[in-house]
Amino acid sequence: MRTRTLALAAASGAALLATAALPATASTATRPADAPTRTDEDRVSAADLLAKVTSCSQISRGKYRTDRETSATVPVCGKNGAVFWKADLDIDCDGQTTAACNPGTDPWFRGETAFRQSDGRPLNAEKLPYVVVPASSSIWNYASAGMGGGGLVAVIYRDKVEYAVVGDTGPSRIIGEASYATAKALGMNPDPVSGGAESGVTYILFRNSRVEPIESHSAAVSLGDELARRFIAAN
């Protein structure tokens, strides 16, 4: 597994993205944080979703590295209602200090995330499945693709699907990172130093979607089931 990069992008513009109006056709989810937790995240199977992303219509102006020392081989691809990429998964433990995510367990730990909970606190990487998107650059601007904080993401690894939110931004030329909770849910070792997956992870980001509140995983699951079905029908 590659060593996670030291450099993390600043979170400028996060507030603007969080409040941007969605078009009338966009799907949103507003659920109370204590809503009942759904356990059927695989109702739309990994195979069903992967069958729709077998080819790439590249929308990024270039390609991304999965680490500083690797070559740039990962494009961002466009589909009806979504964008996707296939990469590795490095562990992001940033945000609230917890037993699993803190300066002692993660040498690169930062107590902030680009996007915050509804109460103003950073996200909780140990508990919340979230994905890190590359900071906007000449390669690709996630905001221009209809993505922002709380955007809905289907993360697929082997035969598992985990619904997550866009929760943090990373280096502008590196891709393939998600929270401790995402990795754990997908059956990976979630350790921020030695965990994750070297390859074989697919990230499908649904355009103009937003989970509210961002910290509600049950809301992400409900919206994910709906948008995954729409995605399959439209592609």
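Author: Gly151 touches Ala164, Val165, Val166, Ser209 and Arg210, leaving aside residues up to four places away in sequence. A contact here means heavy atoms within 4.5 Å. Take Val165: 14 residues separate it from Gly151 along the chain, yet their C-alpha atoms are 5.3 Å apart. Gly151 is buried, at 0% relative accessible area. Buried means under 20%, exposed over 50%, and partly exposed in between, with a 1.4 Å probe and protein chains only. Gly151 sits in the loop between strand 4 (130-134) and strand 5 (152-157). Strands (E, at least two residues) and helices (H or I, at least four) are DSSP runs, numbered from the N terminus.

This is a predicted model, in which local features need pLDDT of at least 70, side-chain atom pairs count only at pLDDT 80 or more, and totals for chains, interfaces and linings use all residues. Residues are numbered from 1 along each chain as its sequence is written, and side-chain values use heavy atoms, without hydrogens and water.

Now the loop between strand 3 (82-92) and strand 4, where Asp106 is found. Asp106 is also buried, with 0% relative accessible area. Its side chain reaches the backbone nitrogen of Trp108 at 3.0 Å.

Step back to the whole protein. It has four helices and nine strands. Of its 235 residues, 54% count as buried. The average pLDDT, the predictor's confidence in each residue from 0 to 100, is 87, and 82% of the residues score at least 70. Over residues 5-39 the pLDDT is below 50. Where pLDDT is low, the predicted coordinates should not be read in detail.

Conventions:
Polar contact = N/O pair within 3.5 Å; in protein donor to acceptor, adjacent residues only side chain to side chain.
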